[in-house]
Amino acid sequence: MPFVNIKKQYLALGMLIFIVLFFFNSRPAFQCQFTPEVTPYLPTIYGITPTYARLTQKADLTRLSQTLMLVKNFHWIVIEDSDTKTKLVENLLKETPLKYTHLNMKTQKSKHSSASGVEQRNIALNWLRGHLDSIPDKRGVVYFMDDDNTYSLKVFEEMRKINKVGVWPVGIVGGMRIEMPIVTDGKITGFNAVWKPFRPFPIDMAGFAINATLFLIHPEAKFSRKVQSGFQESEILKYFTTKNEMEPLADNCTKVYVWHTRTQKPSILNPKKLKHPPIPDDHIEV
Ligand SMILES: *[C@@H]1O[C@H](CO)[C@@H](O)[C@H](O)[C@H]1NC(C)=O
């Protein structure tokens, strides 16, 4: 019966096509089995950010937190300058997918200096020491971050290369376009700072990061209210490094990956003094 024979031929041809297609489609799947994915080790970055209540606080923290969401293996330590933790910061942190630790510490009034963030950074360092003591992997990087600076993702990539203390330029700070270490033959030979250039380390807080394990080796390392303004960076760095030992990053300190931006204090009109006051908005968080 020729009719049936033709049908069988078509069937055989169809099966052949099916088998050929099956093998072509499967090829990438077979290849995958022979190239297991290798994820390189990324040290945890502990970002230490003091913050205080003001009209632009939520805007600043929102912008910073959304940058930090793009950083892998990041742990954010946020310390409020207040007697109690505020709902604003608590809710903001809860709503981020970030790994975080929320602390608070009110600044003590002091005759010595008006430097901000001293007590807050110190309790963050105490928390960090306790944390590192309690986990097996004590490796990491400590970075002191203001809540209104601007951070490129590249600065986080750079600081993961640190052995002890790494440094890099900071944009728009100290009365300069760029404040930076001077690098000669891959070594730091000086700093270009013009504001208090006699500081032992004339660099901004945003311009360096420290190997976290060093804070266990130096339990005495902390910030101090007893030093004059602008000396907090030198105060902490003196425990860990010397000028010659510092590791220049960001292409031998030729690239700017962080900017000391500052949010302007907004001027809000007093509704009570307006002829036509706006509808009340006190129930809405800004
Ligand atoms: C930094 O400079 C040193 C010495 O000139 C050089 O060996 C090194 O490759 C440079 N590093 C980078 C990242 O460009």
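Author: Leu13, Leu16 and Ile17 form a nonpolar surface patch of about 300 Å². This is a predicted model, where local features need pLDDT of at least 70, side-chain atom pairs count only at pLDDT 80 or more, and totals for chains, interfaces and linings use all residues. Residues are numbered from 1 along each chain as its sequence is written, and side-chain values use heavy atoms, with hydrogens and water left out.

Reader: What makes a patch here?

Author: Residues with over 30% relative accessible area and no salt bridge, with nonpolar side chains (Val, Leu, Ile, Met, Phe, Trp, Tyr) joined within 5 Å and like charges within 9 Å. A salt bridge puts a side-chain nitrogen of Lys or Arg within 4 Å of a carboxyl oxygen of Asp or Glu. Areas come from Shrake-Rupley with a 1.4 Å probe, and for residues only the protein chains shown count as cover.

Reader: Why is leucine 16 called exposed?

Author: Exposed means over 50% relative accessible area, buried under 20%, partly exposed in between (1.4 Å probe, protein chains only). Leucine 16 has 53%, so it counts as exposed. Leucine 16 sits in helix H1 (residues 2–33); helices are DSSP runs of H or I, at least four residues, and strands are runs of E, at least two, numbered from the N terminus.

Reader: Which residues of helix H3 are buried, and how do you know that they line one face?

Author: In H3 (residues 87–94) they're Leu88, Val89, Leu92 and Leu93. Down the axis of H3 they fall within an arc of 125° (directions from the helix axis to the C-beta atoms), so they line one face. Lys87 and Lys94, on the other side of H3, are exposed.
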